[in-house]
Amino acid sequence: MEAFTTLDAVAIPIDQPNLDTDQIIPARFLGKPRPTQVEALFHDLRYTPDKKPRPEFVTNMPAYQGARIVVAERNFACGSSRENAVTVMVDNGLRAFIAPSFGDIFFNNCFQNGALPIRLDAKRVAEIRAALHAKPGSTVKIDLASQTVTGPDGKADRFEIDSFRKDCLLKGVDEVNLTLGYEKDIAAFEAKQRQEMSWL
Amino acid sequence: MAAAARTMFEKIWQRHIVVDRPDGYTLLYIDRHLMHDGSAAGFAKLRERGIKLRRPDRGFATPDHYVKSDSRSVAAIADPHHRALVEAIRTNTAESGVTLFDLGDERQGIAHVVGPEQGVTQPGLTLVCGDSHTSTHGALGALAFGIGSSEVAHVMATECLWQRKPKAMRVSVDGTLGEDITGKDVILAIIAKIGTAGAVGHVIEYTGSAIRGLSIEGRLTVCNMSIEAGGKAGMVAPDDTTIAYMKGRPFAPKEAEWDKAVAFWRTVPSDEGAVFDRDVSLDAASIAPMVTWGTSPEDALSITGRIPEPSTAPDAAKKDSMKRALDYMGLTPGTPLEQVPVDRVFIGSCTNSRIEDLRAAAKVAKGRKVVIPSWVVAGSGLVKKQAEAEGLDKIFVEAGFEWREPGCSMCVGMNGDTGKPQQRIASTSNRNFIGRQGPGVRTHLLSPAMAVAAAVTGHFADVRKLA
Ligand code: SF4
């Protein structure tokens with residue numbers, strides 16, 4: 001997995017609360033090869049039903065081209081467990097997501113794909129979004145080692161992250177390999193469970 | 001000194017710890033892994049690494065998302081990618097030794113209907129599936145939650161998951177539910193109260209006399225939509241109702257093992273005095289038949305209500321999102337819900353496609369005629385067979401419903417069962433997201449009985465008042 005250390009990049013503001021994973025990638029694009037999904041990002045928000053780009057949607061605005069960060073509203077990416085919601089963003093260059101809260105499954109899926117979800121205070125997130133709207137194309141800086149997000153206004157905030165997740169991201173640890181290293185513990189658990197829950 | 005009182009969640013969690021790291025992460029053992037036609041990505045990831053499934057005996061698979069609802073043929077699936085996924089579940093399970101309930105087998109159906117029905121889901125276990133509505137299985141007293149495809153591969157390889165312990169939340173519904181008030185109305189009322197992010201980071205335990213009074217089907221409906229409340233999982237303590245439900249299921253323990261299992265199941269419920277991180281309570285008697293008006297499950301109203309006015313929103317952001325939702329849904333503030341015309345009805349999905357749901361729907365449909373296109377899609381082949389044995393299919397067909405083949409169908413439309421833009425669908429499913437049932441489609445969530453009330457009147461109607 002690609003390691004995540006720092007990111008200094010254009011950020012896109014997304015103002016809708018509860019923006020669900022069906023909006024990030026609609027169901028009809030799932031079940032197809034990953035490369036064909038790249039175009040599906042925010043599809044129905046980006047295009048009208050007759051396939052015309054909506055100029056008012058952020059990712060269609062020239063100033064936001066090359067963005068690598070999303071600054072969103074509360075409960076971002078709630079809903080379905082589709083990991084495509086992370087991969088379609090990663091494949092479009094977006095690797096960090098800042099919001100007051102996230103859908104739990106999306107939050108976990110990020111770490112499986114070298115992406116960083118950051119929870120920040122709702123007021124501060126609103127401030128960053130306002131700054132981005134005020135000057136489209138502004139950048140946000142993220143430093144994982146020091147756990148800081150610096151907004152376009154130059155103000156830095158510390159964010160919390162589990163040290164387990166942080167380590168895995170910084171080193172690009174592969175979780176399956178990590179877990180396979182605990183083989184002895186898993187086998188011991190299974191032996192005990194065979195005794196205690198013999199009906200399984 | 002007596003041991004500290006523990007919640008049901010805490011007990012199941014502790015019993016499944018393989019490794020507790022000092023950094024607060026736990027390697028949690030997974031007892032059951034359900035798979036569906038969308039799980040092919042997990043198998044592919046495993047194959048890339050050259051790893052075999054650790055415990056194929058703990059895996060159970062059934063195709064549901066991409067199967068057609070008008071045919072059992074795989075060859076008839078038009079989209080070659082979708083067809084490949086339904087074919088892949090056959091080859092993947094055959095190669096790995098995972099149990100498959102395939103198309104053509106009466107045990108096939110929606111994974112969250114099949115797991116409990118087969119006795120695969122059991123009290124006190126951990127269960128995962130690459131699907132967010134895995135929370136359904138908590139209705140039997142299991143800790144069950146949805147995961148993404150990388151974690152699916154992780155469970156296949158190791159039978160474990162890295163987890164930070166979520167918090168525990170108790171939702172108590174006490175009192176007596178009114179006539180025709182179902183698990184669906186209860187969970188929509190809960191979500192309307194706490195919001196769609198209300199339980200983020202929490203495992204919900206539903207309790208109280210109204211919950212205990214629900215059948216297993218009703219509890220499955222409630223737990224199903226825990227994810228729509230933001231919850232990691234939802235659970236109901238196993239009791240006599242649970243044990244009676246488990247008895248005789250194909251994969252439930254038998255004979256001496258049954259007695260051992262029951263003795264264990266009796267220890268699973270929360271101890272008296274167990275402390276929860278959050279507590280919410282609802283009065284059962286106050287719950288009316290619920291219908292959603294907007295594009296988030298929290299936008300739920302009693303059928304006696306009116307489409308809300310954005311001007312009453314607590315803040316500008318909320319006002320904005322209400323306006324957007326009303327615009328998408330094509331609704332005018334102030335309109336009584338009962339005057340909103342409906343174009344189409346879908347009865348099905350892992351929320352409401354079990355036998356009790358179909359009985360409730362048939363009871364209302366009997367002797368009436370639908371006035372709009374209406375579908376019933378049973379949750380599994382066994383539910384369908386049971387409904388046919390009871391003559392429910394005849395009631396539906398005589399009323400003008402289409403009686404279709406089991407699968408997810410129009411809940412998500414991945415198999416092509418979608419509505420048309422601007423079509424208003426009364427749906428017993430769990431998500432009213434923008435475009436969920438097809439681009440531009442307007443979804444309203446409600447119970448099976450309320451869906452039939454809409455089907456026979458052509459608008460939302462209070463099932464309690466149907467003449
Ligand atoms: S019925 Fe709907 S919610 Fe349930 S698993 Fe299928 S698509 Fe998901």
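In the predicted model, 68 residues of chain B are in contact with 50 residues of chain A. The area buried between the two chains amounts to about 4900 Å², and carbon and sulfur atoms give 54% of this area. Nine salt bridges are found across the interface of chain B and chain A. One of them joins the side chains of A:E190 and B:R55, with an N to O distance of 3.3 Å.

On the side of chain B that touches chain A, two or more residues each are given by strands β1 (17-20), β2 (25-29) and β8 (160-164) and by helices α2 (40-49), α3 (80-96), α5 (149-158), α10 (255-265) and α11 (316-329) of chain B. The largest share, six residues, comes from α5(B). By residue class, this side of chain B divides into 27 nonpolar, 19 polar and 22 charged residues.

Chain B as a whole comprises 15 helices and 19 strands. Its radius of gyration is 21 Å, close to the 23 Å that the globule rule gives for 467 residues, so chain B is as compact as a globular protein of that length. Along the principal axes, the C-alpha atoms of chain B fill a box of roughly 60 × 55 × 45 Å. Of the 467 residues in chain B, 66% are buried. Among the contacts in chain B with a separation of 6 or more, 75% are between residues 24 or more positions apart.

Helix α4 of chain B (residues 111-118) is largely enclosed by the rest of the structure, because eight of its eight residues are buried. These residues are B:A111, B:H112, B:V113, B:V114, B:G115, B:P116, B:E117 and B:Q118. Their cover includes strands β3 (32-35) and β6 together with helices α8 (216-224), α9 (240-246) and α13 (381-389) of chain B. Following α4(B) is B:G119, which has a positive phi, near 80 degrees.

In the loop between β6 (126-129) and β7 (143-146) of chain B lies B:S132. This serine is buried, because its relative accessible area of 4% falls under 20%. Beyond residues up to four places away in sequence, B:S132 touches residues of both chains: A:G79, A:S80, A:S81 and A:I105 on one side, and B:G146, B:I227 and B:R431 on the other.

A:I105, one of the residues touched by B:S132, is among the buried residues of α5(A). Helix α5 of chain A (residues 104-111) is mostly covered, with eight of its eight residues buried. Besides A:I105, the buried set consists of A:D104, A:F106, A:F107, A:N108, A:N109, A:C110 and A:F111. Within chain A, the buried residues of α5(A) pack against α4 (84-91), β3 (96-99), β4 (116-119) and α7 (163-171), and in chain B they pack against β7 and α5.

Elsewhere in chain A, A:A67 is located in the loop between α3 (43-46) and β2 (69-71). A:A67 counts as buried, because its relative accessibility of 9% is under 20%. Apart from neighbours within four places in sequence, the contacts of A:A67 are A:V10, A:I12, A:N92, A:G93 and A:L94. The C-alpha atom of A:A67 is separated by 17 Å from that of A:T5, a residue 62 residues apart along the chain.

Conventions. Residues numbered from 1 in each chain as written. Chains lettered and ligands numbered in written order. Predicted model: local features only at pLDDT ≥ 70, side-chain atom pairs only at ≥ 80, totals over all residues. Heavy atoms only, no water. Helix = DSSP H or I, 4+ residues; strand = E, 2+ residues; numbered from the N terminus. Buried < 20%, exposed > 50% of the residue type's maximum accessible area, 1.4 Å probe, protein only. Contact = heavy atoms within 4.5 Å. Buried area = accessible area lost by both parts, 1.4 Å probe. Salt bridge = Lys/Arg side-chain N within 4 Å of Asp/Glu carboxyl O. Nonpolar A, V, L, I, M, F, W, Y, C, P; charged D, E, K, R; others polar. Rg over C-alpha atoms; globule rule 2.2 N^0.38 Å.
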